[in-house]
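Please look over the sequence and the structure below.

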Amino acid sequence: MSSQLGSSRDADGAESADSGPATSADELPPEEDAEPVATIVNAEAPEDSEPSASGEEPAEADDESGTELSEAFGEPEHPVSGVEPYVPSRVRLDEPGPPADVCRGALPAQRVQLPLRFASTKPEGVGHLSWSPDCRRMVFRVGSTLWVADGDGTSDLPFLTAQHGLNAPVWSLDSQWIAFSQGAIVDGERASHIYMILPNGLGLAQITRGNVLDQDPAWSPDEGSVVFARRLQVTENDGSIRFEHRIVVVDLSDGAEQVVSASTESLSAPSWSPDGAAIAYRIGDELRMVRLDDLSDSVLLDSVAGGRGSWSRDGSAIAAISEWTASRATVAVRSLQDPGTTEQYTIAVDGPAQTASDGPPTLRWSETGEHLLFHATDPRGSAWIYRLSVTQSGN
């Protein structure tokens, strides 16, 4: 796989809100030698059948009410550590349906309910929802389990579970792979690593390792690399310990890592530009961009409430949530062709139940660039898709 890593030097660290002085790139300790990505096994499912978590031949789903949910999706015992595929024994993983209009922006109203049949009955609620680029599938989290569904929200079922948190599932550009972060314990300390998996629960591969907190993965346009946010401890010469935050790119062909930004302030939520030349990320309440040819850094938006920056399809604009409350969401759209132009759009939301736990959602541009979409779960557990009309076209 090819890689677009840019220069090998680090970006200068920004001023810190934490204790201790900010650190420049020249003072950063070198990254430990990265291990190559684990060999991907069972990358293709057998024809006409799927393996079950118990090893039994899966059966067709039973449409009867009552005990159907508990029989089909009873929670398995969590593994002692790490993650494990969760393929329900009574549900066959069919081919995904056609591209869903709900994902492409063709909604009949500003708010449309997703028909999630099983996931919406779970008390933990639906979060971290992400559509595949071809709009044929979606992935989301319910508690400690990742679920997959067709792009319109139908045929939802769990496919991966873990003892520790699963977060930020995101699709590769060919809609074939899902990258995500998963919590772990390393040497008695809390850690988090990046994984990738096929949406049928096969091909699980660990991408990062070590005593680090790696989160918020995002795929490169050529699918040969993944960018993520890292938090790690750095030991000074005097023995004192400080925390450092980095935006890191990992080459999936050999596991080589490249730091493209570093700071003592929190860095999070990277997203790759469509041309592969830049990465947007959050530092505090700012959305910044680092260009990979020279690692120059610039501010795109300030007063960002959270979530990833979402690039328009041609890279001419970027959007982010600037306000996220129980009654409304405000979205800022920054033109990259006319850097001085930023538009604000507000839409009423129905008391999102996920505001406290997940924070603002990830935005998605419609195919025409005329709308922005996002997901929220209301206090009753119903999943909704919201649509904003924007005049800042992504075309």
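One disulfide, meaning a pair of cysteine sulfur atoms within 2.5 Å, is found when the whole structure is searched. The model is predicted, so that local features need pLDDT of at least 70 and side-chain atom pairs count only at pLDDT 80 or more, while totals for chains, interfaces and linings use all residues. Residues are numbered from 1 along each chain as its sequence is written, and side-chain values use heavy atoms, with hydrogens and water left out.

**The disulfide**

- The link is formed by Cys 103 and Cys 135, whose sulfur atoms lie 2.3 Å apart, and it is left-handed, with -60° about the S-S bond.
- The pair joins distant parts of the chain, 32 residues apart, with Cys 103 in helix α2 (residues 101–104) and Cys 135 in the loop between β3 (126–131) and β4 (137–142); helices (H or I, at least four residues) and strands (E, at least two) are DSSP runs, numbered from the N terminus.
- Cys 103 counts as buried because its relative accessibility is 1%, where buried means under 20% relative accessible area with a 1.4 Å probe and protein chains only.
- Cys 135 is also buried, with a relative accessible area of 0%.

**The open sheet**

- Four strands form an open sheet in the order β19-β20-β21-β22, with antiparallel pairing, and two strands pair if DSSP finds at least two bridges between them.
- Because β19 (306–311) and β22 (342–348) stand at the edges with a single partner strand each, one side of each is left without a neighbour in the sheet.
- Three bridges join β19 to the antiparallel strand β20 (residues 317–324), and Gly 306 stands opposite Ile 321 in β20.

Note on methods:
Buried means under 20% relative accessible area, exposed over 50%, partly exposed in between (1.4 Å probe, protein chains only).
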